[in-house]
Amino acid sequence: MLVTAVMAGGLDETAAQRGPRDWEAERRRMVAQQLRARDIRSPRVLDAMLGVPRHLFVPEPRRDEAYGDFPVPIGFDQTISQPYIVAFMTEALAVEPGHRVLEIGTGSGYQAAVLSVLAEEVYTIEIVAPLAERARQTLGSLGYQNVHVRTGNGYFGWPEHAPFDRIVVTAAPDEVPAALVQQLKVGGVMAIPVGTRSQELRILRRTSTGIETVDTLPVRFVPMTGKPRG
Ligand SMILES: C[S@@+](CC[C@H](N)C(=O)[O-])C[C@H]1O[C@@H](n2cnc3c(N)ncnc32)[C@H](O)[C@@H]1O
């Protein structure tokens, strides 16, 4: 009897007893409370994040946390970024339907999936091989056919597919890698966290005469590894 009382109070329910979760409702709540209620205004970004099933990019044991207002571990000491940060970076990029986008730091593949809804082609590079393989499988099984995942070091970009309209970097280097600037089109935009202890989310625009830079938010990303020596 005591057990029944506890369960009725919802204190000790198992997932099976709770029944299937309404992931769509959780996603709607995430978009309303974490994105729209803050400062994310782009209908294309809000719609994309409403559509992409974020929980399927989070490893099963932590799936319940997928729509929380925080980054979630995905293994190998890496994380899927907080939904607000994904939205903020994506909005700052102002991705258009014909764009070719390069992402450095595939991680779970979630940011790439959001970008793939907005762009023509997404090229994404992940240095941790098992993460790249898992992201490839997740993206493939969900039918995101315009995302190309490469296992490798993003410091060098992806010269075979350059130049890119947009570049997003989701791990923090101590300075902007020169190869990435070179692979950005004139008129192109890059969003990149820069710094070691304290990081700023930097937005760079390549103009015909140089680079315009704006620092936007203080952020905390995992460090970008694989810095070439010399
Ligand atoms: C915050 S996580 C990425 C989150 C990811 N965008 C997502 O949606 O799940 C940063 C990722 O960058 C990767 N990374 C770090 N240094 C890298 C490098 N030099 N080249 C490519 N990927 C790198 C890490 O292994 C990690 O998976």
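Trainee: Which strand gives the largest share of the shell around the ligand?

Mentor: Strand S2 does, with three residues. Strands (E, at least two residues) and helices (H or I, at least four) are DSSP runs numbered from the N terminus. This is a predicted model, where local features need pLDDT of at least 70, side-chain atom pairs count only at pLDDT 80 or more, and totals for chains, interfaces and linings use all residues. Residues are numbered from 1 along each chain as its sequence is written, and side-chain values use heavy atoms, with hydrogens and water left out.

Trainee: Which residues come nearest to the ligand?

Mentor: A residue is near a molecule if one of its heavy atoms lies within 4 Å of it. Here 28 residues are around the ligand, and Ser-108, Glu-126, Asn-153, Gly-154 and Thr-225 come nearest. By class, the shell has twelve nonpolar, 14 polar and two charged residues, where Ala, Val, Leu, Ile, Met, Phe, Trp, Tyr, Cys and Pro count as nonpolar, Asp, Glu, Lys and Arg as charged, and the others, Gly among them, as polar.

Trainee: What is 2.7 Å from a nitrogen atom of the ligand?

Mentor: A polar contact is a pair of N or O atoms within 3.5 Å. A polar backbone atom of Thr-225 lies at that 2.7 Å. A ligand nitrogen is also 2.9 Å from a side-chain N or O atom of Asn-153, and a ligand nitrogen is 3.0 Å from one of Glu-103.

Notes
A polar contact is a pair of N or O atoms within 3.5 Å; within protein, one must be able to donate a hydrogen and the other to accept it, and residues adjacent in sequence count only if both atoms are side-chain atoms.
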